[in-house]
Amino acid sequence: RSSAGVQYKGCGALWSLAADNADNQGKIAVAGGIADVLTAMRDHRSNVEVQRQGCGALWTLAAHNDDNKSRIATAGGINLVLAAMREHRPDAGVQERGCRVLVSITGIDDNKIRIADAGGIADIQEAMRAHRSHAGVQELGLDALWHLAAHNEDNQAKIAAAGGIADVLAAMRAHRSNAGVQRQGCGALWC
C-alpha cells in the first residue's frame, strides 16, 4: 500500500484485466478490487501516475456494468475522481480518464445527481478550459456533459448556467476536423 509504484502497476493491471471483460469486472469487484483502487487513489493523491491508472481502472470496471457503477459511487469513487481532476488539473491524462469514469458511471441516474452535487459539472468544464487544444480532453469532457444532461433537466440547467453551452461551442470550433469532438458536442447540445 505504501509504494506508489506498486499501486500504479496494480491499478494498471486491473484496468487491463477489466477491459471489455464482464466476467473479470465481476470477479475484480467481488475480490475487493474497486475498494483497492479507491484506496490507492486516496493514499497517493499527489501521485499523478496512480491517479491516471486509478481512473483508468475505474473506467473499465464500470463500463457496461451497472453493479460496479453503483459500487464505485457508493464507495466514494466520484469524490476521489473529482479530487484527482482538481489536484492534477495540468495533466491531460488525468482529465481524460477522469471524464471517462464519469461518463461510465452516469448510466445510473442517481450517479448523475451525485456527480453534479459533488461539483463535477464545474470540474469537467475546468478540465476543458485548461486543455482547450487537447482533442481528447475536449471529446471526453463533452461526452461527460452530454451524459450528465441526458434526461436530467436540473443538470441541463446547471450546465447552461455555468457557461456550458459556450464551452461546448468553443470545443467544437477549436476542433472542427475532429469527428469525435463534433459528435460529442452535437450530443451535448441535443440534450
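The crossing of helices H3 and H4 is left-handed, meaning that the near helix is turned anticlockwise from the far one by less than a right angle. The model is predicted, so local features need pLDDT of at least 70 and side-chain atom pairs pLDDT 80 or more, while totals for chains, interfaces and linings use all residues. Residues are numbered from 1 along each chain as its sequence is written, and side-chain values use heavy atoms, without hydrogens and water.

The axes of H3 (residues 33-43) and H4 come within 9 Å and cross at roughly 155 degrees. H3 and H4 are therefore roughly antiparallel (angles over 145 degrees). In H3, Ile34, Val37, Leu38, Ala40 and Met41 meet Val50, Gln51, Gly54, Cys55, Ala57, Leu58 and Leu61 of H4, with contact taken as heavy atoms within 4.5 Å. This contact comprises 10 nonpolar, two polar and no charged residues.

A pocket is an open set of points on a 1 Å grid, for a 1.4 Å probe, with protein on both sides within 12 Å along at least five of seven lines; lining residues have an atom within 4 Å of a point.

| Pocket | Volume | Lining by class |
|---|---|---|
| Largest | about 210 Å³ | five nonpolar, five polar, two charged |

Helix H2 (22-30) and helix H4 (48-62) each supply at least two residues to the lining of the largest pocket, which includes Gln25 and Trp59. Of the 12 residues lining the second largest pocket, Gln156, Ile159, Ile165, Ala188 and Leu189 lie nearest its centre.

Note on methods
Points joined across faces, edges and corners; volume = space filled by probe spheres on them. Helix = DSSP H or I, 4+ residues; strand = E, 2+ residues; numbered from the N terminus. Nonpolar A, V, L, I, M, F, W, Y, C, P; charged D, E, K, R; others polar. Axes fitted to C-alpha atoms, helices over the stretch in contact; angles between N-to-C directions. Parallel < 35°, antiparallel > 145°, perpendicular 65-115°, else oblique.
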